[in-house]
Amino acid sequence: MAALSPWLRKALCAALLVLCAVTGVLLVVLLVRAYAMKPAGPAPGLGAWKGERRVEAAFSPQERRDLKEALKGAIRLQTVSFGPDDQNTTALAEFGPYIRKVFPAVFSAPFIQHEVVGEYSHLFTIQGSDPQLQPYMLIAHIDVVPASPTGWDVDDPFSAEERDGFIYGRGTLDNKNSVMGILQALEFLLRRNYQPRRSFYIGLGHDEEVGGQKGAVKIAAELESRGVKLSFLLDEGMFILDGVITGLKKPAAIIAVTEKGAVTANLSVTMVPGHSSAPPKRTSIGILSEALSRLEQQPMPNMFGKGPEIMMFEQLAPEFSFPLNIIMANLWLFAPIVSRVLEQTPATNAIVRTTTAITMFHAGVKSNVIPPSATATVNFRIHPAQTVAEVLEIVDKTIDDKRVKIEAESAFDPLPVSPWDNQTFGLRVFRQTILDVFPDVGSMAPGICIGNTDSRHFTNLTNAIYRFNPVVFKPDDMPRFHGLNERISVESFEKQVEFLFQLIQNSDIDLSPNPHVAFHEL
């Protein structure tokens, strides 16, 4: 091989130097972005306290027993929702007298109005001492999904059995813990002669698990008819995640700023029936099965970076250990890699795309008869960056078979993304309350609620809707939702009551702007 000419050697050396310089600059940019963000630390105070003295959340041993037994009693009432028109109305009717018995101060306070809405839902109006302050709202739901005792570690999923510091039972996490936690916090404040400065509402729906049309929808309509506008609304949703996100050094409070939309699609194929001895080349079952296989093999596009999920990782970046902190602080470069990793498990895959779940299939009338039709139901949970119309268009193109009829049974678009900035009142209240009650939490970040909640019915009352259950959530808790061995630790429920106890007080504080606070700082 001929020797390189002096000119070519100089050009190669120059190119190598340029490459090294670019690499060095890129490395510096990555490191600066990763380490310029301050680690999560104490947040400034909410502002000056006015009015009543602050009440400390020093629950007595008797109060701790009371709150535990109150939750257990609620779990034992089997307020199960099987369908919109199939609920355990006997248990729902018993729930009203039950909460009246265990929360006497709530029902006797002169500044609290209680109303029953839609027969079994409850609306409380707590009148604050300062009518100039805009009210807020806390909501939860009374109903639960069915639970069979098969597979549970306790004999009865509605026994509220206490074992090893945990209360087992359907509704302990979804969502009677919030129902009872809200009322218990208010009860304890009232026992201490506390009257809020800021008015607020409590809404307890009775049919969230089947759509909320008779409960939350009617509560929202009633408040809207009165001209109510809310400063913020807090519902169930995300949790304090401890060990759930790989690489995080401390627990993180994830507050959902939106929730996914949904569409239930019915797919059907109709053909001429006949005898199985002379079958056609393709039956309705075969055609529909192929269509469903295409939907599973060609998932909806990965939307990572087009919704609020990217904000969560960016704001958690300082709390990740090396080298994940470098990656999360530089998603402008590493987003494609992160998105592929997130696709690998069902829980994180649901964050980055519209999910496809084939939930029902019906076909055939007899073993020797060619089926005249085949039908299937597919449930899609829609990523915030997409719409119902866009998802149905993708479904049609993916199946690409005119023999398959596609009909949307029920559908709604993802919810608007709620504000996430330094000055949003509700977020500042949440941040301070988390500091008060969960000092070990390292950061607070926005997230997506992959399920649906009653909060979606209140968008006409406020644009600041947040979904957060102040309970520490560990990796083995995920399958407990709507599954086996749903439970909450006694300590976690006490902390939830304390959180709500402090939140009501923190909402009464006059806020002064803190424009120079980085919001990733807790």
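Me: What share of the 522 residues in the chain is buried?

Reply: In this predicted model, buried residues account for 53% of the chain's 522 residues. The surface is described by its area: the chain exposes about 23,200 Å², and 57% of that comes from carbon and sulfur atoms.

Me: Which residues touch the most other members of the largest nonpolar core?

Reply: The general idea comes before the case. In soluble globular proteins, nonpolar side chains tend to be buried together. Here the largest nonpolar core has 98 residues, and F124 and M180 touch the most other members. Helix α5, residues 176–191, gives this core its largest share, nine residues. Apart from this core lies another one of 20 residues, including V263, L288, V378 and V404.

Me: Which residues does F124 touch, leaving out those up to four places away in sequence?

Reply: With those left out, F124 touches I99, V106, F107, I112, Q113, H114, L183, F200, Y201, I202 and L204. For the chain, take contacts between residues at least 6 apart in sequence: 83% of them join residues at least 24 apart.

Me: How many helices and strands does the chain have?

Reply: The chain has 14 helices and 19 strands.

Me: What is the strand order in the open sheet of four strands?

Reply: The order is β13-β15-β11-β16, and the pairing is antiparallel. At the edges are β13 (355–363) and β16 (405–412), each pairing on one side only. On average, neighbouring strands of this sheet are turned by 20° against each other, direction ignored.

Me: How many bridges join β11 and β16?

Reply: Seven bridges join β11 (residues 261–270) to β16, in the antiparallel sense. In one of these strand positions, T264 has S410 of β16 as its bridge partner.

Me: Which strands do helices α7 and α12 lie across?

Reply: Helix α7, residues 284–297, lies across β11, β13 and β15 (373–382), and runs at about 15° to β15. Helix α12, residues 388–399, lies across β11, β15 and β16, and runs at about 160° to β16.

Me: What pLDDT does the chain average?

Reply: The average is 89, and 88% of the residues score at least 70. Over residues 39–52 the pLDDT is below 50, and this stretch has 40 contacts in the model beyond near neighbours in sequence. Residues 512–521 also have pLDDT below 50, with 31 contacts beyond near neighbours in sequence. Where pLDDT is low, the predicted coordinates should not be read in detail.

Note on methods:
Residues numbered from 1 in each chain as written. Predicted model: local features only at pLDDT ≥ 70, side-chain atom pairs only at ≥ 80, totals over all residues. Heavy atoms only, no water. Core = buried A, V, L, I, M, F, W, Y, C linked by side-chain atoms within 4.5 Å. Buried < 20%, exposed > 50% of the residue type's maximum accessible area, 1.4 Å probe, protein only. Helix = DSSP H or I, 4+ residues; strand = E, 2+ residues; numbered from the N terminus. Contact = heavy atoms within 4.5 Å. Areas by Shrake-Rupley, 256 points an atom, 1.4 Å probe, with all protein chains shown as cover. Pairing = 2+ DSSP bridges. Axes fitted to C-alpha atoms, helices over the stretch in contact; angles between N-to-C directions. pLDDT = per-residue confidence, 0-100.
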